[in-house]
Amino acid sequence: MGRRRPGRALRRAAVTGRLAWGALLLLAPGALLRPVGPTTAAATATLRVLGVRHLAQTAVTLRWPAPGVLAAGAAVDGAHALTALALAAVDRRQRHAALADAAVAAAWAALGVTTAREEKP
């Protein structure tokens, strides 16, 4: 028996999840910051910008749902995870929040790679 490939259902779930995550980052950054670090004006603004980035990535993915676009999004998420790890290494005050952010970004990257692979013919 062959392995069942989720394809469109996985992409739909990923897009829906990213849309919700982006909206949460944009509209309620304090709710996400409080459990993991200081809720500073800079951290709040950063999460809002990140929310806009996720919403833009969702729009691009919906417009051009090709494997290359999905892979490029995964690469952006991977780069985000690496920069969050770098922040954790140099800023003790933001370390907990940066590590949480790195974990979330790495999860988005892994989901993006999986979705891109499932979309290939």
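**A walk through a helical protein**

Helix α4 passes helix α5 in a left-handed crossing (left-handed means that the near helix is turned anticlockwise from the far one by less than a right angle, while clockwise would be right-handed). Before we go on, note that this is a predicted model, in which local features need pLDDT of at least 70 and side-chain atom pairs count only at pLDDT 80 or more, while totals for chains, interfaces and linings use all residues. Residues are numbered from 1 along each chain as its sequence is written, and side-chain values use heavy atoms, leaving out hydrogens and water.

Let us step back to the whole protein. Its secondary structure consists of five helices and zero strands (helices are DSSP runs of H or I with at least four residues, strands are runs of E with at least two, and both are numbered from the N terminus). Reading from the N terminus, the order of elements is α-α-α-α-α. Along the principal axes, the C-alpha atoms fill a box of roughly 50 × 25 × 20 Å. Of the 121 residues, 34% are buried (buried means under 20% relative accessible area, exposed over 50% and partly exposed in between, with a 1.4 Å probe and protein chains only). Among contacts with a separation of 6 or more, 66% join residues 24 or more positions apart (a contact means heavy atoms within 4.5 Å).

Now back to the pair we started with. Two packed helices are described by the angle between their axes and the distance between the axes. Helix α4 covers residues 67–90 and helix α5 covers residues 95–119; they pack at an angle of about 165°, with their axes 7 Å apart (axes are lines fitted to C-alpha atoms, for helices over the stretch in contact, and angles run from 0 to 180 degrees between N-to-C directions). α4 is therefore roughly antiparallel to α5 (under 35 degrees counts as roughly parallel, over 145 as roughly antiparallel, 65 to 115 as roughly perpendicular and the rest as oblique). Their contact is made of 19 nonpolar, four polar and four charged residues (Ala, Val, Leu, Ile, Met, Phe, Trp, Tyr, Cys and Pro count as nonpolar, Asp, Glu, Lys and Arg as charged, and the others, Gly among them, as polar).

Alanine 88 gives us a view from inside α4, the helix in which it lies. Its relative accessibility is 5%, so alanine 88 counts as buried. Apart from residues up to four places away in sequence, alanine 88 touches Arg95, Ala98 and Leu99. Proline 67 is 21 residues from alanine 88 in sequence, and their C-alpha atoms are 31 Å apart in space.

Next comes α5 itself. This helix has 25 residues and reaches 36 Å from its first C-alpha to its last, close to the 36 Å expected at 1.5 Å a residue (the expected span is 1.5 Å times one less than the number of residues). Its buried residues include Ala97, Ala98, Trp108 and Gly112. The buried residues of α5 pack against α1, α3 and α4.

How does α1 meet α5? The axes of these two helices come within 9 Å and cross at roughly 150°. α1 is therefore roughly antiparallel to α5. This crossing, too, is left-handed. Residues of α1 including Arg8, Ala14 and Trp21 meet residues of α5 including Val104, Trp108 and Glu119. Sorted by class, the contact of α1 with α5 has six nonpolar, three polar and five charged residues.

Helix α1 also packs against α3, at an angle of about 155° and with the axes 7 Å apart. These two helices are therefore roughly antiparallel to each other, and their crossing is left-handed. On the α1 side the contact includes Val15, Trp21 and Leu25, and on the α3 side it includes Leu47, Leu50 and His54. By class, the contact of α1 with α3 divides into 11 nonpolar, six polar and three charged residues.

Our last stop is α3 (residues 41–63), whose 23 residues should span 33 Å at 1.5 Å a residue; its end C-alpha atoms are 33 Å apart, which agrees. Among its buried residues are Ala43, Leu47, Leu50, His54 and Thr61. The buried residues of α3 pack against α1 (8–27), α2 (29–33), α4 and α5. Leucine 50 has a relative accessible area of 10%, so this residue is buried. Beyond its neighbours within four places in sequence, leucine 50 is in contact with Leu25, His80 and Asp101. Leucine 70 lies 20 residues from leucine 50 along the chain, with 18 Å between their C-alpha atoms.
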